[in-house]
Each structure stands twice: as structure tokens, then as C-alpha cells.
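Open the model in your viewer and keep the selection tool at hand. The stops below say what to select next.

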Amino acid sequence: ACVYFFGTNTTTTTNDIITTTTSTAKEISLAVFMLVQQAMQSGPLKGSNPGYFKRCGSDVAQHALLFLQDITTTSIFFPEKQLLTIERWKNAAAIAAKKNNPPSK
């Protein structure tokens with residue numbers, strides 16, 4: 001079995017090592033996802049709404065979209081639920097980027 005993580009291929013032959021490697025990959029992917037979530041944070045931390053691009057302006061939304069596209073094209077292991085969340089953020093960023101609006105004041 002192979003576990004791909006951050007572009008490296010780690011091949012193992014025992015179940016214990018595979019489980020440990022997979023567990024470690026999951027822990028690290030969760031930490032990376034939390035950093036991505038914080039990067040997508042707009043507004044105050046209280047009542048936060050990551051991936052809300054309606055007031056940031058098209059330029060910021062375009063940069064966020066490129067960042068999210070880069071994240072999902074790497075070999076970082078993200079569970080399906082996290083990938084769906086990132087896809088929602090990408091869709092919201094794409095919509096905001098197309099509007100060509102300045103940031104709200």
C-alpha cells in the first residue's frame with residue numbers, strides 16, 4: 001500500500017506502519033485544512049464565516065481562488081468533507097471574482 005503526502009511516495013509493507021503513516025497524514029492534513037480555513041477567514045473571528053467573499057472585492061477573491069486551486073491540485077490528503085468545503089469556497093471566490101467589484105467600505 002502507498003500513502004501519498006506532500007508529493008512524496010511512502011511505500012510500506014506492514015499494517016502497523018501503514019496505519020501510523022495514514023494516521024499521521026490525516027493529522028497533518030487536518031492541521032493544513034485548519035490553516036487554509038484561517039486563510040479564508042474574512043471579518044472578525046467571533047461569528048466567523050470562512051469563504052465569505054461578498055465584501056472583499058474581486059481582486060482578493062481572485063487571489064483566494066488561485067490559492068484554493070493550488071491547494072486542491074497538490075497531493076495533500078484531504079477527507080471528502082474537507083474537499084467539499086474547499087470546493088464551496090472555490091465556487092464562492094469564483095463568483096465574487098467575476099463580479100469585478102471593489103472591496104466594500
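Rings of Phe, Tyr and Trp (its six-membered ring) count as a pair if their centres lie within 6.5 Å; planes under 30 degrees apart are stacked, over 60 edge-to-face and the rest tilted. This is a predicted model, in which local features need pLDDT of at least 70 and side-chain atom pairs count only at pLDDT 80 or more, while totals for chains, interfaces and linings use all residues. Residues are numbered from 1 along each chain as its sequence is written, and side-chain values use heavy atoms, with hydrogens and water left out.

Select Phe33, Phe78 and Trp89: ring pairs link them into a cluster. The count comes to two aromatic pairs. In the pair of Phe33 and Phe78, the ring centres are 6.4 Å apart and the planes are at 70°, so this pair is edge-to-face. The rings of Phe33 and Trp89 have centres 5.7 Å apart and planes at 10°, so they are stacked. Phe33 lies in helix H1 and Trp89 in helix H3, so this pair ties together parts 56 residues apart in sequence. Helices here are DSSP runs (H or I, at least four residues), numbered from the N terminus. Both Phe33 and Trp89 are buried, that is, under 20% relative accessible area with a 1.4 Å probe, protein chains only; exposed means over 50%, and partly exposed lies in between.

Now select helix H2, residues 58–73. Which of its residues are buried? They are Ser58, Ala61, Ala64, Leu65, Leu68 and Ile71.

Key:
Helix = DSSP H or I, 4+ residues; strand = E, 2+ residues; numbered from the N terminus. Expected span 1.5 Å × (residues − 1).
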